[in-house]
Amino acid sequence: MSEPMIVWLNGTHGAGKTTTSKLVQQLLPDSRIFDAEKVGEVLMDVKPGLPPTDNFQHWDPWRPLVVETACRLLEYTGGTLVMPMTVLVEGYWREICAGLAKYEILVHHFVLHADQATLRARIQNDPDLGPSTFRFAHLDKYAEAARTWLHADAYVVDTTSAPAPEAAEQIAATVLRG
């Protein structure tokens with residue numbers, strides 16, 4: 001088995017994380033996709049509900065549960081987890097990274113980036129989800145995170161005009177180079 005690692009695909013809605021993650025998974029040997037959003041969905045199902053929030057990432061249990069779930073999956077399967085998940089709050093990202101570091105899990109952090117006009121068009125014309133107020137609301141948050149910390153913390157892959165297969169090849173090549 002190879003050393004366990006995580007390929008985290010960050011970026012805002014419409015950047016291509018879901019599509020690209022499926023292609024990256026096909027290019028990296030012994031890899032699986034783990035969508036940390038499912039952890040948020042579990043927390044949303046707690047009854048009675050947790051304190052109201054506009055984003056499950058604000059619930060304190062989400063971040064350590066993502067870390068623990070990823071670590072347990074890697075412990076069980078080995079290999080690589082490809083994780084398409086937007087994290088725009090720097091403190092949350094640092095908390096996740098610190099948790100994974102305690103388990104000595106290597107994290108390759110990529111940000112899929114597209115310009116605002118492209119993101120807006122993709123969200124507006126999404127054939128599966130349709131236009132989404134929630135997704136549009138994150139565009140400014142993404143722009144602020146990109147400007148202040150996110151792009152400096154990750155390998156940025158511009159998906160404005162690059163098709164998903166090209167982005168996936170770039171990511172896989174970077175990971176395989178080490």
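The model is predicted: local features need pLDDT of at least 70, side-chain atom pairs count only at pLDDT 80 or more, and totals for chains, interfaces and linings use all residues. Residues are numbered from 1 along each chain as its sequence is written, and side-chain values use heavy atoms, leaving out hydrogens and water.

**Exercise 1. Describe how helix 3 packs on helix 4.**

Step 1. Two packed helices are described by the angle between their axes and the distance between the axes.

Step 2. Locate the helices: helix 3 covers residues 62-77 and helix 4 covers residues 90-102. Helices here are DSSP runs (H or I, at least four residues), and strands are E runs of at least two, numbered from the N terminus.

Step 3. Read the geometry. The axes come within 9 Å and cross at roughly 35°. Each axis is a line fitted to C-alpha atoms over the stretch in contact, and angles run from 0 to 180 degrees between N-to-C directions.

Step 4. List the contacts (heavy atoms within 4.5 Å). Trp62, Arg63, Pro64, Val67, Ala70 and Cys71 of helix 3 meet Tyr92, Glu95, Ile96, Gly99 and Leu100 of helix 4.

**Exercise 2. Find which residues of helix 4 are buried, and what they pack against.**

Step 1. Apply the cut-offs: buried is under 20% relative accessible area, exposed is over 50%, and partly exposed lies in between (1.4 Å probe, protein chains only).

Step 2. Tyr92, Trp93, Ile96, Gly99 and Leu100 are buried.

Step 3. Look down the axis of helix 4. The buried residues fall within an arc of 130°, so they line one face. The arc is taken from the directions from the helix axis to the C-beta atoms.

Step 4. Name the partners: strand 1 (5-10), helix 3, strand 4 (106-113) and helix 6 (133-153).

**Exercise 3. Inspect the backbone at glutamate 104, aspartate 30 and proline 48.**

Step 1. Most residues other than glycine have a negative phi, and most peptide bonds are trans.

Step 2. Glutamate 104 has a positive phi, near 60°. Its place is the loop between helix 4 and strand 4. Glutamate 104 is exposed, at 70% relative accessible area.

Step 3. Aspartate 30 has a positive phi of about 55°. Aspartate 30 is partly exposed, at 37%.

Step 4. Lysine 47 and proline 48 are joined by a cis peptide bond, with omega about -15°. Proline 48 lies in the loop between helix 2 (37-44) and helix 3.
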